[in-house]
Each structure stands twice: as C-alpha cells, then as structure tokens.
Amino acid sequence: MATLEEIKKQLSRVPTEPGVYLWKDAEGQVIYVGKAKQLRARMRQYVNFQDERAKIPRLVEQIASFEYIVTKNEHESLILEKNLIKQYSPYFNADFKDDKSYPFIALTSGDVYPAIKFTREKHRKDTSYFGPYTDSRAARKLIEVARRVVPICSAGCADWRRLKRELERKSLDEYLALDHKPCFDCHVGIGPGACCGSITPQDYAEQVAKVERFLKGHQAEFIDELSREMKEAAEELDFEKASRLKTRIDTISSLGDAQHVVSSRNMDADIIGIYREETIAGVHVLMVREGRVLNSNEFILNKGLDVPDEDLLHNFLLRYYDTTTSIPREVICAQVPEDEYEMSMWLTERLESVHGAKVHFVVPERGERSHLLELAEINAKHTLMRYKVRTNYDDARINDALAQLESALALDGPPMRIECFDISTIHGSYTVASMVVFTGGKPDKNQYRRFKIRAELDEANDFLGAAMPLNAWPMNVLVQNQTCLSSTAVNLN
C-alpha cells in the first residue's frame, strides 16, 4: 500500500496524453473511474487537493494505488470510461440506485422472420432493442399497438417458435413444401402469416423496418406512407386492403391523441430533470418526438449531494444513452456537460442520421424548452418521493442514524427523543434560547420552542445558559412551532 507521498512521486511517470484513470483502495478495489485530456495533470489535482469537489478529501483518503489507460483522443476515453464504470461500479461514481434490468422491446433481427417481444435482457448481438421503459405496462401496450399497426410475429407465439426450429434444420423451400395452418394471430390480423408461408422473407423484412421506425417514434412519416398505400389500394379497387390500412392509420392517430402535445414545432428532444437529496437523486426523462411526449422514464441515482451536479449529470448520460436506442437531436438539461463536445460526438455517432444531423445540448433560459425542463424537474421530485415511500427509505436511514447515536454515546437504547438548544445573548443581556425536538428521529415541530431567559449574566456566556436546569429558567414562551437550524447543546432521553 503506497502512501500519498509515494503516489505523488508515481504520478510523475504518468503520461500527459488523454485517457482514463482508476483510483483503487488498499484492497485493490476500484473506487473511482474518470477520464482526462491530460492524465498526469488531472490526477495530480486529486492528490494536491486542487479539485474543490466535496468528495475529494474522502476519496484521496482511501487511495492506495492507481491505474491508467492511454487513449488516442477524448472521444475514445469517454467510451472507455463508460465501459469501466459499468464493469466496476465504483463507489465514488454516481450510478443507478436500483440496478435492476429495465424492460425493453426487442426484435430478433437474426432470424429469417424476426419477432417482437418484451424482455429485460439486452446482450444478444442478433437482437435489436428499443427502450428502456421504466413502465413495463407501457412497453407491453406499445407492443400491442405496434402489431395492430404493422402485423409482425410475436416471440411468444408457439407457431413462430416451431417455424424458427424448423428453419434451423431445413431450408425455407423445404418448410413451405409442407402444409401448415395459419396461427391465431394471423386469423385476427396481427400476424403476417409467416408460419404458413403467406409472406416472403423480403416482404417481411419491409414489415420489420416499418416496426423499427414506429418504435423510434417516427409516426407522422409512418402515417404518410400508410396513406399513400391506402390511396393506391383504393385506386386499384382493393377496398379490403384499403380498409385494413385505414384501421392502422386510425390506430396511430388515436395513439397520438393520447400523447401530450408539447410543441407546435417538430421537436425531437430528451428533457432531463434531476432532483437531489442527501444520498439519492431522482431523474425524470421526457422523450419528445415530433412535438409529442412519446414516453417518460424515471430513475433513482445512488448519489445525491455527495457528488457535484456535473458529475451526476455526466454519469447519468453515460449510463442512460449507452442503454437506450432512441437518440434525440436535442438533449435539454439544466447545465451543459463539462465534456459537451465529446458527449455530443458520441451521441451523434449513436444517432446514425442519414441526413447528417447532430446531437446538441441545450440549456434553456425561457420559452417552451424552459417550461419542459421545469416540468421534468417537478416529475423528478415526485419520482424520488414515490421511491422513498415505496421502499421506506427515510425510515431505514433514521433507524440506522439512531443506532449509530446509541453506539457513539454508549446509551442504553436508541434516543427516541432528542432536544437541541441554541443560546443567544447580547453582552449578557437579552438572552434567548431556541429548542428543536426530534421524536423517533424525525423533526417534531409541534414541540419547537423559543424561550426568553431572564437570568442576569455578567457576560455573554452561551454555555452557562445551556447548562442551567430547564426548570430553573425564568421563561416565557414567545414563539412556538418555529424551526431552529443550529444547536449548542443536546439533551438525550
């Protein structure tokens, strides 16, 4: 285990190139991962305490060793940082509080006839994923709507699974040579009939491409395409096909009516609202596509006031956009990321726009974007409140704090009533005392008091006033239910 002075000496051999650094503790565990334009200069800021973030003294206190990885440029270091944070989940990096598997909508693109499904895994290379969706019911509902709009096989269909097994053993022509009955989904119009050979792989691939566009939120473009097909079918007197297309258009239109219109313009943006408390933070993401709120996702991060705003935002952006496949053209948030250019380039690559569109970060000061950001921040606060109620988060923290007090003060039991006093005096005269009370670890504001102490003192002596027995104070209650923010004496019962 190296001392801080030894680590400072070792840093002199670190290169000045861009890269990623990993701080480790005495047990060799990675406790923080960061990236830098110049590794040596950035790492020295930690050990020389030139970084003003509140967590730095605690972090440096635990540093016993380090590693670094040199990259060609900052863009590569951003990608590497993201992967290493996911791999090690370092304590001093903000991360999702509930690191569960979020729901996705998936297309099994590696199959001859890809199927749609609801899933919580996201690791198969031959599968396309859409999401995440923090509301599983919304994801399942969207699958139902997508299948009504564009008939496609479901991975849960027994006939589709039989088709997949057969095609792994024989060719498509051999399979179609046999007589197969259509599945139930095909009968009701939400399946294309791949199981009975009613559609070719080429036509089916076009259906899959339409579903992908629909799941990405390109609904206006989709309606235009269906309207053209409906008009062509009507001109060819194929009224049955035209009727089916009209039903699909109505389905998309009704879905749009249920979505909240937030912009008269064709806005394509993610609005990220963050609400922080001491140890956790709530994040709410409004996904606006074509001027409508397409979806909203909520997350809990396991660091609240322990990390600066820029670190919290940076780590969330890395985790969220590494997971989601729906990349917007604008990311609206309360502040621009410190590494805005690298983050924008990374998201632009993920956007893969055929028109060369780039992803921009926007910090609005007024107008509809500012109102949307305020809405997202309000929802982030409610996200955090719901999580705390659902998990009894506050009760668990309070019980832990009371247990620590019991141990630290060698009490017979946890202090269920805590009284805190603050004495204030002006040169020995006009002495007053404020009392705040905690019952069961929670503020009991009905018990708050402010007293006027009539005892004459020769000098300003807060401790003498605090040490006097409470029943010996000549006092009048002046103000009740008033919060006192500081204390100089604690009475534990």
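Me: What should I know about the model before we start?
Reply: It's predicted, so local features need pLDDT of at least 70 and side-chain atom pairs count only at pLDDT 80 or more, while totals for chains, interfaces and linings use all residues. Residues are numbered from 1 along each chain as its sequence is written, and side-chain values use heavy atoms, with hydrogens and water left out.

Me: At what angle do helices α1 and α2 pack?
Reply: About 165°, with the axes of α1 (residues 4-11) and α2 (residues 39-47) 10 Å apart. That makes α1 roughly antiparallel to α2 (the word is for angles over 145 degrees).

Me: Which residues make the contact?
Reply: L4, I7, K8 and L11 come from α1, and R40, M43, R44 and V47 from α2; contact means heavy atoms within 4.5 Å.

Me: New topic: strand β8. How many of its residues are buried?
Reply: Nine of nine, across residues 281-289. Buried means under 20% relative accessible area, with a 1.4 Å probe and protein chains only.

Me: And which residues sit on each side of β8?
Reply: A281, V283, V285, M287 and R289 are on one side, with G282, H284, L286 and V288 on the other. In a regular strand, side chains alternate between the two faces of the sheet.

Me: Which way does β8 pair with β7, parallel or antiparallel?
Reply: Antiparallel, over eight bridges (strands pair if DSSP finds at least two bridges between them). A269 has V288 of β8 as its bridge partner.

Me: What about β9?
Reply: β8 also pairs with β9 (residues 292-301) in the antiparallel sense, over nine bridges. There, M287 stands opposite N295.

Conventions. Axes are lines fitted to C-alpha atoms, for helices over the stretch in contact, and angles run from 0 to 180 degrees between N-to-C directions. Helices (H or I, at least four residues) and strands (E, at least two) are DSSP runs, numbered from the N terminus. Angles under 35 degrees count as roughly parallel, over 145 as roughly antiparallel, 65 to 115 as roughly perpendicular and the rest as oblique. Buried means under 20% relative accessible area, exposed over 50%, partly exposed in between (1.4 Å probe, protein chains only).
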